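Open the structure in your viewer and keep the selection tool at hand. We will go stop by stop.

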Amino acid sequence: MYQSMSGKIEAEGVTVSAQGKDIIKEVTTSIPEKEIFTIVGPSGAGKSTFLRTINRLIDFREGDIRLDGRSIREYEPVELRKRVGMVFQIPLAFQGTVEDNLLMGPRLTGSAEPDLDELLDMVGLARGFVKRKASELSVGEQQRMCIARAIANGPEVILMDEPTASLDRESARKVEELIMRLSQEVDLTLVVVTHNMEQGMRIGDWTMLMKEGRAVTTMKTDEFFEMYPGVLS
Amino acid sequence: MNIEQIVSMEDVVKLIVASMLIGVVMIISYVRRLELISDLAISSIRAFVQLMILALFLQVIFDIQNLFWISLILLGMMVIASYTSAKRAKEIRNAFRISATSIITSSSAIILVMVVLGVIPLQAEYIIPLGGMVIGNCMNITSLAMERLKGEVANNTMMIDNILALGARTDQAISPLIKKSVRASLIPTVDNMKTMGLVWIPGLMSGMIIGGMDPSKAAVFQLIIIFMILASNTIASVISTMEMSKNMFGSADQLIYRP
């Protein structure tokens with residue numbers, strides 16, 4: 001059910017402007033399908049902004065981004081966001097139960113409702129959580145619920161913006177494991193922004209380094225950390 | 001025609017006596033260092049000049065009784081109200097267009113219905129003051145509703161981004177905030193209605209009674225006005241928030257209003 005179609009993303013010369021200033025400058029990169037692609041770099045490098053251009057929560061001024069070979073500008077925003085889900089830094093639980101939260105995407109878009117037990121199993125939450133109030137979950141549990149909520153739409157790609165940054169160490173570890181498991185078991189393309197280089201090294205198949213709005217380099221993660229060992233310190 | 005045709009000497013004396021109250025306020029301001037003297041002076045003079053000009057102007061219009069001029073005056077009022085309201089939402093694209101759509105649609109619809117149904121006589125001395133009341137109220141409600149929606153969106157950008165990221169349309173993402181803003185903007189109107197006759201006697205009714213009208217007749221007329229205002233306010237609030245919400249999103253259905 002959650003086997004994705006493809007999920008290859010290519011960005012070419014993507015430039016984003018805000019208040020007359022370019023905050024993302026001609027970013028060109030290729031995100032391979034069904035792998036974990038991490039975007040690393042110092043704060044203010046434009047990592048989150050670039051991530052948000054992929055589902056057009058931020059629009060770009062120049063360049064293009066293609067999903068499975070087709071410009072994302074050609075997709076209806078609703079369709080694009082069904083195919084490219086997103087998980088934010090701070091988990092946001094909508095009013096109601098975990099079930100209400102998990103079914104929100106399919107209900108909004110009029111899609112088929114997913115198997116909730118399967119979803120909860122996937123993110124490592126007990127099936128009994130389904131009727132619990134979402135706001136009563138711990139922050140770590142809420143983040144896993146948010147990941148399940150994104151998967152419920154049946155996407156090919158999930159964008160994750162610092163998904164563990166607001167979690168305690170134990171919850172962060174669980175979410176990290178979940179990210180790696182999802183990539184293997186659900187065949188999703190995962191694009192993860194992290195300021196934590198060690199995390200990038202642990203989870204990423206590919207790493208893109210950004211600085212001052214530019215993509216400095218994109219390469220296989222092990223090669224990246226061999227070439228730039230200094231970034232870990 | 002000269003001013004004496006409108007204002008008698010006796011009225012001028014009364015006005016001067018009433019103006020002395022402004023002097024008292026100024027003394028209080030001076031003693032308490034409220035720094036209100038220049039504001040009070042300017043606003044008092046403006047109120048005096050504006051109302052006097054209006055009185056002269058209305059006298060001319062009442063004498064002419066021409067539908068074209070009546071409509072033009074109402075339109076002028078609506079444009080000024082729209083401009084004033086738009087200033088409350090300067091940072092939103094097309095602010096004037098939003099407030100004008102809201103104020104012109106809501107007030108003209110209600111005035112037209114009332115005239116067509118014969119509730120308001122098609123005479124300048126009825127339509128202009130009553131129209132002005134409706135337009136003024138629509139202006140206040142439009143400003144209130146836009147201000148509230150701006151605040152709601154500013155406080156809920158995370159929620160909006162989360163819903164949009166789940167594949168929601170912009171109207172689905174913002175409709176709970178529009179609902180809150182409409183409800184909040186109508187609170188003064190609804191509360192006024194609840195306390196009317198208990199806490200305060202509305203200005204129009206007071207004026208009519210002072211002018212010698214039978215209190216029950218004045219009450220009926222006041223109720224008509226209140227219902228007109230409620231209807232036009234509700235329409236204005238809904239239109240302004242819906243129109244404004246459209247201008248808060250970009251072509252990719254992304255939230256662009258991020259203060």
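Start with chain A and select β6, β7, β8, β3, β9 and β10: in that order they form an open sheet of six strands with mixed pairing. Helices and strands here are DSSP runs, helices being H or I with at least four residues and strands being E with at least two, numbered from the N terminus. Two strands pair if DSSP finds at least two bridges between them. The model is predicted, so local features need pLDDT of at least 70 and side-chain atom pairs pLDDT 80 or more, while totals for chains, interfaces and linings use all residues. Residues are numbered from 1 along each chain as its sequence is written, with chains lettered from A and ligands numbered from 1 in the order in which they are written.

**Stop 1**

Select residues 36–40 of chain A. Are they buried or exposed? Five of the five residues of β3(A) are buried, so the strand is largely enclosed by the rest of the structure. Buried means that 20 or more other C-beta atoms lie within 10 Å of the residue's own; exposed means 12 or fewer, and partly exposed is in between, with C-beta atoms placed from the backbone.

Now show the side chains. In a regular strand they alternate between the two faces of the sheet. A:I36, A:T38 and A:V40 point one way from β3(A), while A:F37 and A:I39 point the other way.

Check the partners on both sides. β3(A) pairs with β8(A) in the parallel sense over four bridges. One pair to click is A:I39 with A:V193 in β8(A). Four bridges also join β3(A) to β9(A), again parallel. There, A:F37 has A:W206 as its bridge partner.

**Stop 2: the hairpin**

Stay with A:W206. Its bridge partner in β10(A) is A:K220. Select residues 206–211 of chain A for β9(A); six bridges join this strand to β10(A), and the two run antiparallel. They form a hairpin with two residues between them. In the turn, A:E212 has a positive phi of about 45 degrees.

Click A:T218, in strand β10 (residues 214–220) of chain A. A:T218 is partly exposed, with 19 other C-beta atoms within 10 Å. Leaving out residues up to four places away in sequence, A:T218 touches A:T29, A:W206 and A:M208. Touching, or contact, means that C-beta atoms placed from the backbone lie within 7 Å.

**Stop 3: the helices on the sheet**

Select β7 (residues 157–161) and β8 (residues 189–193) of chain A, which pair in the parallel sense over five bridges. A:V157 has A:T189 as its bridge partner in β8(A).

**Stop 4: the four-stranded sheet**

Keep α1(A) selected. This helix also lies across β1, β2 and β4 of chain A, at about 120 degrees to β1(A). These strands belong to an open sheet with the order β2-β1-β4-β5 and antiparallel pairing. β2 (21–31) and β5 (70–71) stand at the edges, each with a single partner strand, so one side of each is left without a neighbour in the sheet. Seven bridges join β1(A) to β2(A). Find A:V14, which stands opposite A:V27.

**Stop 5: over to chain B**

Show both chains. Here 20 residues of chain A are in contact with 16 residues of chain B. On the chain A side, α2 (77–83), β6 (84–87) and α4 (104–109) each supply at least two residues.

Notes: Two residues are in contact if their C-beta atoms, placed from the backbone, lie within 7 Å. Axes are lines fitted to C-alpha atoms, for helices over the stretch in contact, and angles run from 0 to 180 degrees between N-to-C directions.
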